[in-house]
Amino acid sequence: MFTLADLDAAHALVSRHVPPTPALDWPLLSVALGARQVIVKHENHAPTGAFKVRGGVTFMDWLRRTHPRMEGVITATRGNHGQSQARAATAMGLRAKILVPQGNSLEKNAAMRAYGADLVEHGSDFDEAKDEAMRLAETQPLFPVPPFHRELVRGVATYGLELFRAHPDLDRVYVPIGCGSGICGVIAARDALGLSCEVVGVVSTAADGALRSVKEGRAVPTESARTFADGMAVRVPVPEALAIYGPGAHHLGAVTDAQVAEAIRLYFTATHNLAEGAGAAALALAMAERDDLAGRKVGLVLSGGNIDRDWYARVLTGSTPEV
């Protein structure tokens, strides 16, 4: 997707607005996974608490240069993408209309409004909100931000660049998949640096369209996406992303909500870090694939820490939130 020069230019831009996040060695996770070493890329430490903030910077810079007459953006989200777009748009004096499904995370909704979003609830899931956002874009001077775009990925790829430059000897990296910008960014960074690290994608068993799509070689939607790991709650895979992670990932695996909840608890006990559902999914699959990790240096993308307090309280007491 990108040359190393493309990604270095993106990193220079992103770094003016988003400090690099740490990639830390956690020995208790190494013990839990039976690996030689485990490195966590802490995107939960980024502004907005998630990796999406990086793509907001590069996308809004591109939009301002290529579509100067647009008054702002319109997009759909479950929360982290929306925070990214609202933050970047309002910083440039632009509007941000953000659509979320009904029943979306209250705390993510509040954060988006705090960043300046005009928040609208529509539909029963992300994909219905996305379709409505694209429809509304035809009637308003707002640029429709799709769930996957080259400039979003170029910004997101900067976390992969930071991770691989700090730890070029990683054997395997686990990355959650929603619409796909995160895993595509990691693949892009790996390939631009000429590394051979295995990249493994993670989906929810309740929203496993990406996994089905890789197996069938075409985008295969699911009938529902009911998981408390809302960053992965996508029914309709993005074909452009599938074209990258299909051949670029070593394999994809699926985890249950119960496995995700257990990974959230392990992150807390082993690192005292807060992880949302999608943020803990990489660890959840690594736990399930423990037998493959002996003697290996493993990377985990903790992609976000934006979990509502009520859900987190349930998880820490041993329960799994129901949706």
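## Cavities

A search of the whole structure turns up 6 cavities of 30 Å³ or more. On a 1 Å grid over the protein atoms alone, a cavity is a set of points where a 1.4 Å probe fits but cannot get out. The model is predicted: local features need pLDDT of at least 70, side-chain atom pairs count only at pLDDT 80 or more, and totals for chains, interfaces and linings use all residues. Residues are numbered from 1 along each chain as its sequence is written, and side-chain values use heavy atoms, without hydrogens and water.

The largest cavity holds about 350 Å³. That volume is the space filled by probe spheres set on the points, which are joined across faces, edges and corners.

## Lining of the largest cavity

The lining has 29 residues, each with an atom within 4 Å of a point. Lys52, Gly178, Cys179, Gly231 and Met232 lie nearest the centre. Two or more residues come from each of α4 (80-91), α8 (181-193) and α12 (277-288). Helices are DSSP runs (H or I, at least four residues), and strands are runs of E, at least two. The largest share, 3 residues, belongs to α8.

By class, 12 lining residues are nonpolar, 12 polar and 5 charged. Gly counts as polar.

## The sheet

An open, mixed sheet has 6 strands in the order β1-β2-β10-β7-β8-β9. Strands pair if DSSP finds at least two bridges between them. The edges are β1 (23-25) and β9 (251-255). β2 (37-42) and β10 (297-302) run parallel, joined by 6 bridges. Gln37 stands opposite Lys297 in β10.

α8 packs on the sheet, touching β7 (172-176) and β8 (198-204); contact means heavy atoms within 4.5 Å. The direction of α8 makes about 180° with that of β8. Angles run from 0 to 180 degrees between N-to-C directions of axes fitted to C-alpha atoms, for helices over the stretch in contact. α12 also packs on the sheet, touching β7, β8, β9 and β10.

Note on methods
On a 1 Å grid over the protein atoms alone, a cavity is a set of points where a 1.4 Å probe fits but cannot get out, and a pocket is an open set with protein on both sides within 12 Å along at least five of seven lines; lining residues have an atom within 4 Å of a point.
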